[in-house]
Amino acid sequence: ACGPKRARTSFAAADATFLRTFANQAALSLQNARTYRDLSVLNQELEQRVTDRTHELEVSKDRITASLAELEDAYLTLQARQEQLVAAEKMAAFGRLAAGIAHEINTPLGASLNGLRLARELIAECDRVAVDETTTVEDWEQVVGELRGVVTNVEEWTAKAVSYIRTVKAHGRAGGGAAAPFDLGRLLEFELQPLLMH
């Protein structure tokens, strides 16, 4: 590659050493150039990978954001449905309670009205017996006894309705929250049993 010396002299040992050093430097330069080119290619590939990965991450982030928005909408819908269900259950419980109360109050009131109708009939009979001259004391006592029994029944049925209303009102009031003893038998007989009967 170098050709003969311009001075037309032979190559000496120093020239051979110089040429070896030059050849080594040239080889090293060529190796560095190849390495630089390889590094440049690798750098471009790495930049492309980073760009691709960044794009993938952005797409994934958009998907996650969309999924979170869907989950939030689903949660809000679920919460609204749950509130509707609780309200519906409250209304159903209130309807059952109102029906039970109406039944429990209607029964004694119906019996009381029936007793008052019988009492009116017995009063009319008392009026007839009072003006009838053939009426004996036993007849009079029988009519008055029947009237007394009807009035007693009306009082009992009315007292039962009033007691039931008081019980419902007592349960409706906010108590102090303090623990207190109670009569289990009375609770079952007078307070829970009318609701369970319905």
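Guide: A term to begin with: a salt bridge is a side-chain nitrogen of Lys or Arg within 4 Å of a carboxyl oxygen of Asp or Glu. This is a predicted model, where local features need pLDDT of at least 70, side-chain atom pairs count only at pLDDT 80 or more, and totals for chains, interfaces and linings use all residues. Residues are numbered from 1 along each chain as its sequence is written, and side-chain values use heavy atoms, leaving out hydrogens and water.

Visitor: Which residue forms a salt bridge with R53?
Guide: E56 does, and the closest N and O atoms are 3.1 Å apart. R53 and E56 are separated by about one helical turn because they are three residues apart in helix α1. Helices (H or I, at least four residues) and strands (E, at least two) are DSSP runs, numbered from the N terminus.

Visitor: Buried or exposed, those two?
Guide: In between. R53 counts as partly exposed, since its relative accessibility is 47%, and E56 is partly exposed at 42%. The cut-offs are under 20% relative accessible area for buried and over 50% for exposed, with partly exposed in between (1.4 Å probe, protein chains only).

Visitor: What about R117, which residue does its side chain meet in a salt bridge?
Guide: E121, at 3.0 Å from N to O. R117 and E121 both lie in helix α1, four residues apart, about one turn of the helix. R117 has 44% relative accessibility and E121 has 43%, so R117 counts as partly exposed and so does E121.

Visitor: And R37?
Guide: The R37 side chain meets that of D38 in a salt bridge of 3.6 Å, N to O. D38 is partly exposed, with a relative accessible area of 41%.

Visitor: Changing topic. Where does negative charge gather on the surface?
Guide: In a patch of D132, E133, E138, D139 and E141. Patches take residues with over 30% relative accessible area and no salt bridge, joining like charges within 9 Å and nonpolar side chains (Val, Leu, Ile, Met, Phe, Trp, Tyr) within 5 Å. Asp and Glu count as negative, Lys and Arg as positive, and His and the chain ends are not counted. A charge is placed at NZ of Lys, CZ of Arg, CG of Asp or CD of Glu.

Visitor: Where is E138 found?
Guide: In helix α2, residues 137–172. E138 is exposed, because its relative accessible area is 56%.

Visitor: Which residues make the nonpolar surface patch?
Guide: F11, F18, L19 and F22, with about 430 Å². Accessible areas come from the Shrake-Rupley method with a 1.4 Å probe; for residues, only the protein chains shown count as cover. L19 is found in helix α1 and is partly exposed at 30% relative accessibility.

Visitor: What does the chain average in pLDDT?
Guide: 84, and 90% of the residues score at least 70. pLDDT is the predictor's confidence in each residue, from 0 to 100.

Visitor: Which element has the lowest mean?
Guide: Helix α3 (residues 184–197), at 68, while helix α1 (residues 13–131) has the highest, 89. Where pLDDT is low, the predicted coordinates should not be read in detail.
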